[in-house]
Amino acid sequence: MKKQNAEGDGPSMKICICPGSFDPVTNGHIDIISRASKLCEKVIVAVGNNKVKKTTFTIEERMGFLHCALVNLPDVEIDCFDGLLIDFAKRKEASAIVKGLRAVSDFEYEFQMALLNKRLDYNIETLFMMTNVNYSYLSSSAVKELAKNGGDIEGLVPDCIKQKVMEKFSAK
Ligand code: PNS
């Protein structure tokens, strides 16, 4: 059941952006995206495609992983962006950027980004959602570290991408 606005004729937030590198997407990301989709009419998952930032998975792989993991969420769209996140959010007419927070260590960086983005566009809010406690230790880097060293990533990433993530490292 989606949250209704004061008139009761629609959700209070129309478009929200869930941004990230998703290198690769984890079950922690999926948890945040699914919870955001209950609050917003549409969630746009925005995959950062900064050519300078080196990623393990290509933009096509990262978006493909998201497509297969989010196939059951019809109100979620997957897109990519380069340049500033706030410009992407403006182009998409988003009301809010939704980000997950795992620990105090995430806060400093996220706080800076949120304030910079607010300075660039006062009308777009950054909202923080606390991680599901089951995923508080989970990150894309940890998944890659495990996969690289033959550790088990079952339950940490969506089932449909598990094999592809492992293959990336076994091929090296
Ligand atoms: O999953 P990540 O690596 O934390 O995602 C970071 C991402 C892509 C959301 C962030 O790097 C970003 O917003 N990049 C775009 C550049 C930008 O707008 N920076 C903020 C103002 S300096």
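Student: Where is Pro24 found?

Tutor: In this predicted model, Pro24 is found in the loop that joins S1 and H1.

Student: And what is the peptide bond from Asp23 to Pro24, cis or trans?

Tutor: The bond from Asp23 to Pro24 is cis, and its omega is near 0°. Most peptide bonds are trans.

Student: What about Phe22, where is its place?

Tutor: Phe22 also belongs to the loop between S1 and H1. Its phi is near 50°, which is a positive value in a residue other than glycine. Most residues other than glycine have a negative phi.

Student: Let us change topic. How many helices and strands are there in the chain?

Tutor: The chain contains six helices and five strands. Along the sequence they follow the pattern β-α-β-α-β-α-β-α-β-α-α.

Student: Why is the chain said to be as compact as a globular protein of that length?

Tutor: Its radius of gyration is 16 Å, and the globule rule gives 16 Å for 172 residues, so the chain is as compact as a globular protein of that length. Along the principal axes, the C-alpha atoms fill a box of roughly 55 × 35 × 30 Å.

Student: Now the sheet. What order do the strands have?

Tutor: The five strands form an open sheet in the order S3-S2-S1-S4-S5, and the pairing is parallel. Strand S3 (76-81) and strand S5 (125-130) are the edge strands, each of which pairs on one side only. From one strand to the next, the twist averages 30°.

Student: What holds the strands of a sheet together as pairs?

Tutor: Strands of a sheet pair through backbone hydrogen bonds, and the pairing may be parallel or antiparallel.

Student: Over how many bridges do S4 and S5 pair?

Tutor: Strand S4, residues 96-101, pairs with S5 over six bridges in the parallel sense. Within these two strands, Ile97 stands opposite Thr126 in S5.

Student: Which strands does helix H2 touch?

Tutor: Helix H2, residues 59-69, packs on the sheet and touches strand S2 (40-48) and S3. The direction of H2 makes about 150° with that of S2.

Student: And which strands does H4 lie across?

Tutor: Helix H4, residues 104-120, lies across S4 and S5 and runs at about 175° to S4.

Student: One more topic: what volume does the largest pocket have?

Tutor: The volume of the largest pocket is about 1300 Å³. It is lined by 47 residues, and Pro19, Gly20, Ser21, Lys99 and Glu110 lie nearest its centre.

Student: Which elements give two or more residues to that lining?

Tutor: They are strand S1 (13-20), helix H1 (27-37), helix H3 (85-91), S4, H4, S5 and helix H5 (140-148). The largest share, eight residues, comes from H4.

Note on methods
Residues numbered from 1 in each chain as written. Predicted model: local features only at pLDDT ≥ 70, side-chain atom pairs only at ≥ 80, totals over all residues. Heavy atoms only, no water. Pairing = 2+ DSSP bridges. Helix = DSSP H or I, 4+ residues; strand = E, 2+ residues; numbered from the N terminus. Axes fitted to C-alpha atoms, helices over the stretch in contact; angles between N-to-C directions. Contact = heavy atoms within 4.5 Å. 1 Å grid on protein atoms, 1.4 Å probe; cavity = no way out; pocket = protein on both sides within 12 Å on 5 of 7 lines; lining within 4 Å. Points joined across faces, edges and corners; volume = space filled by probe spheres on them. Rg over C-alpha atoms; globule rule 2.2 N^0.38 Å.
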